[in-house]
Amino acid sequence: MSWPSIEKAIVGHLTSVLGARFATRIPADVESLPRFGRIARGPGADDLVTDSVGVDVECFAPDYGDAWDFAE
């Protein structure tokens, strides 16, 4: 059985809900984008019975105030 990609699911959901660009890699032109979010799967824990995963969300915007609002 293959598990779905949590990164792709979050990218799709946040893009549709927030209307901002989200991806798993930071584009070269990130500084010129009005808002951009990067989704990255991090390490988790596995006790051989259950498994958990960590997900990082990084928010980018041209100025500090907008980045703060976007991150919230």
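Predicted model: local features only at pLDDT ≥ 70, side-chain atom pairs only at ≥ 80, totals over all residues.
I take helices (H or I, at least four residues) and strands (E, at least two) as DSSP runs, numbered from the N terminus. Residues are numbered from 1 along each chain as its sequence is written, and side-chain values use heavy atoms, without hydrogens or water.

**Helix α1.** I looked past its end and found Gly19, with a positive phi near 70 degrees. I then checked the length of α1 (residues 6–18). Its 13 residues should span 18 Å at 1.5 Å a residue, and the end C-alpha atoms are 18 Å apart, which agrees. The expected span is 1.5 Å times one less than the number of residues.

**Salt bridges.** I required a side-chain nitrogen of Lys or Arg within 4 Å of a carboxyl oxygen of Asp or Glu. That rule gives 2 salt bridges. In one, Asp66 meets Arg35 at 2.8 Å, N to O. Asp66 lies in helix α2 (residues 64–71) and Arg35 in the loop between β1 (21–23) and β2 (36–46), so the pair ties together parts 31 residues apart in sequence. Glu58 also pairs with Arg38, their closest N and O atoms 2.8 Å apart. This pair links strand β3 (Glu58) to strand β2 (Arg38), 20 residues apart.

**Exposure.** I call a residue buried under 20% relative accessible area, exposed over 50%, and partly exposed in between (1.4 Å probe, protein chains only). Asp66 is partly exposed at 22%. Arg35 is partly exposed at 31%. Glu58 is partly exposed at 33%.
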